[in-house]
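Please keep the sequence and the model in view while reading.

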Amino acid sequence: QVQLQESGGGLVQAGGSLRLSCAASGSAFSINAMAWYRQAPGKQRELVAFITGTGMTNYGDSVKGRFTISRDNAKNTVYLQMNSLKPEDTAVYYCAAAPFIATIKNGFGSWGQGTQVTVSS
């Protein structure tokens, strides 16, 4: 069973940066695809970014050019570097993992408990 533990959230001023980490336990196959999602109060969960085992990445339109997803396969950890943060980035950020990205996009796979990111104006 895959377990995911997010860290790195917090309070930051607009324009600032944060780096989220997600440490995963599980087989390489079970965490081949990893992603970050976020959910703000009263809004639907949205994809922030995903990365495959081969390093292919994709980003949500609202974070392109500001956020960078990366992974360290030796540490089974995925990161989300968030720069130029805006108040609208305020949300709970969730890490997800599965063999395939489609599994995550369909709402399945393994999910972490989430970490709060708050951006003040």
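## The open sheet

Four strands, in the order 1-3-8-7, form an open sheet with antiparallel pairing. Strands, like helices, are DSSP runs numbered from the N terminus (helices: H or I, at least four residues; strands: E, at least two), and two strands pair if DSSP finds at least two bridges between them. The edge strands, each pairing on one side only, are strand 1 (3–7) and strand 7 (67–72). Strands pair through backbone hydrogen bonds, either parallel or antiparallel.

Within the sheet, strand 3 (residues 18–25) and strand 8 (residues 77–82) pair in the antiparallel sense over 6 bridges. Leu-20 has Leu-80, in strand 8, as its bridge partner.

## Basis of the model

The model is predicted: local features need pLDDT of at least 70, side-chain atom pairs count only at pLDDT 80 or more, and totals for chains, interfaces and linings use all residues. Residues are numbered from 1 along each chain as its sequence is written, and side-chain values use heavy atoms, with hydrogens and water left out.

## The nonpolar cores

A nonpolar core is a set of buried Ala, Val, Leu, Ile, Met, Phe, Trp, Tyr and Cys residues joined through side-chain atoms within 4.5 Å. Buried means under 20% relative accessible area, exposed over 50%, and partly exposed in between (1.4 Å probe, protein chains only). The largest core has 28 residues, of which Met-34, Trp-36, Leu-80, Met-82 and Tyr-93 touch the most other members. Strands that each supply at least two residues of this core include strand 4 (33–39), strand 5 (46–51) and strand 9 (91–98). A second, separate core of 8 residues includes Ala-33, Tyr-37, Ala-98 and Ile-101.

Met-34 is found in strand 4 and is buried, with a relative accessible area of 1%. Met-34 and Ile-51 are 17 residues apart in sequence, yet their C-alpha atoms are 5.5 Å apart in space.

## Salt bridges

A salt bridge is a side-chain nitrogen of Lys or Arg within 4 Å of a carboxyl oxygen of Asp or Glu; the count comes to 4. Asp-89 and Arg-38 meet in one of them (2.9 Å, N to O). Asp-89 lies in the loop between strand 8 and strand 9 and Arg-38 in strand 4, so the pair ties together parts 51 residues apart in sequence. Both residues, Asp-89 and Arg-38, are buried.

Asp-89 also forms a salt bridge with Arg-66, with the closest N and O atoms 2.7 Å apart. Arg-38, Glu-46, Arg-66 and Asp-89 are linked in a network of salt bridges.
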